[in-house]
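Subject: Structure for you to look at

Hi,

Here is the structure I said I would pass on.

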Amino acid sequence: MVKIKKIIFLRKKQICQIQLDNDELLFLSMDLLTKFKINTNTSLDEATLSNIKKEQRIIDAKHSSLSYISYKPRTEKQTRDKLFLLGFNSDEIETCINFLKDFNYLNDEYFAETYIKDRIKWKPTSKKKLVYDLIKKGVSKEITEKYVNLFLTDENDFENAKKKIEKVRYKLRQKNEIEQKKYIYNFLLRQGFKPDTVKEVIKEISSDKK
């Protein structure tokens, strides 16, 4: 058995610093203080103390994940990886992920839709590159293809390819026509655009110069 020696309320953080009579320090949520009826006269057996620590770890995991996803939308995989890096174990992570999903804080479909819309608006790219980026972030292939195909067509790819070239026009000024075509072709292929789309862009650019 251990006895509570001192309780210090850290009101700004909504937690308490608990000093046990063995000089161990615990930082507990106010909710746990109420739940386990902890005060300076409380004695805790080993099993109860273990349960308190486990519950506090889950609370810490929830707070850490909510802080992480509040900065910008995250995928389930990104959140799992973050919690792992913060030192939480698999059971704690699983409990936290289920909590986030139950309250719709984590939703890979919403993430995919938002990510694609933002990329279309602010940083146009190819369908292939979007698929690659979303899968890399942990979105399933099924969800990725569903939303990429919903918001992007071959016509979008053509327009996005042209926008990409507009951003590197300055690099073409000192090149002759053959060098320009070669540069555009290789540049757009690296961005994930299809060869046929690239050829159409080169054709349009060439016709504009005539």
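This is a predicted model: local features need pLDDT of at least 70, side-chain atom pairs count only at pLDDT 80 or more; totals for chains, interfaces and linings use all residues.

**H3 against H4**

I'd start with this pair of helices. H3 and H4 pack with their axes 10 Å apart, at an angle of about 145°. The crossing of H3 past H4 is right-handed. On the H3 side the contact is made by Glu76, Thr79, Arg80, Leu83 and Phe84, and on the H4 side by Ile93, Glu94, Cys96, Ile97, Leu100 and Lys101.

Some of those residues also carry charge pairs. Glu76 and Lys101 meet through their side chains in a salt bridge, 3.3 Å from N to O. Glu76 belongs to helix H3 and Lys101 to helix H4, so this pair ties together parts that are 25 residues apart in sequence. Lys101 is partly exposed, because its relative accessibility is 40%.

Then there is Arg80, which forms a salt bridge with Glu94; the closest N and O atoms are 3.0 Å apart. Here too the two ends sit in H3 (Arg80) and H4 (Glu94), so parts 14 residues apart in sequence are tied together. Arg80 counts as partly exposed at 25% relative accessibility, and Glu94 is partly exposed as well, with a relative accessible area of 34%. Through salt bridges that share partners, Glu76, Arg80, Glu94 and Lys101 are joined into one network.

How many salt bridges does the structure hold? The count is 16. One that I'd pick out is the pair Arg57 and Glu92, whose closest N and O atoms are 3.0 Å apart. Arg57 is in helix H2 (residues 46-71) and Glu92 in helix H4 (residues 90-102), so the bridge ties together parts that are 35 residues apart in sequence.

Apart from neighbours within four places in sequence, Ser65 is in contact with Thr79, Leu83, Cys96 and Leu100.

**H5**

Helix H5 (residues 108-122) gave me a quick check on geometry. With 15 residues at 1.5 Å a residue, the helix should span 21 Å, and its end C-alpha atoms are 21 Å apart, which agrees. At the start of H5, a side-chain oxygen of Asn107 comes to within 3.0 Å of the backbone nitrogen of Glu109.

Which residues of H5 are buried? They are Asp108, Phe111, Ala112, Thr114, Tyr115, Ile116 and Arg119. As for what they pack against, the partners are helix H3 (76-85), helix H6 (127-136) and helix H7 (141-151).

**Two more residues**

Gln19 lies in strand E2 (residues 15-20). Gln19 is buried, since its relative accessible area is 18% and the cut-off for buried is under 20%. Not counting residues up to four places away in sequence, Gln19 touches Lys3, Ile4, Lys5, Lys6, Glu24 and Leu25. The side chain of Gln19 also makes a polar contact with the side chain of Asp23, at 3.4 Å. From Gln19 to Ile69 it is 50 residues in sequence and 32 Å in space, C-alpha to C-alpha.

Glu204 is in helix H10 (residues 195-208). At 27% relative accessibility, Glu204 counts as partly exposed. Leaving aside neighbours within four places in sequence, Glu204 is in contact with Phe158 and Lys162. With Lys162 there is a side-chain to side-chain polar contact of 2.8 Å. Glu204 and Asp45 are 159 residues apart in sequence, and their C-alpha atoms are 78 Å apart in space.

That's my list. Over to you.

Cheers

Methods:
Residues are numbered from 1 along each chain as its sequence is written. Side-chain values use heavy atoms; hydrogens and water are left out. Helices (H or I, at least four residues) and strands (E, at least two) are DSSP runs, numbered from the N terminus. The expected span of a helix is 1.5 Å times one less than its number of residues. Buried means under 20% relative accessible area, exposed over 50%, partly exposed in between (1.4 Å probe, protein chains only). Contact means heavy atoms within 4.5 Å. A polar contact is a pair of N or O atoms within 3.5 Å; within protein, one must be able to donate a hydrogen and the other to accept it, and residues adjacent in sequence count only if both atoms are side-chain atoms. A salt bridge is a side-chain nitrogen of Lys or Arg within 4 Å of a carboxyl oxygen of Asp or Glu. Axes are lines fitted to C-alpha atoms, for helices over the stretch in contact, and angles run from 0 to 180 degrees between N-to-C directions. A crossing is left-handed if the near helix is turned anticlockwise from the far one by less than a right angle, and right-handed if clockwise.
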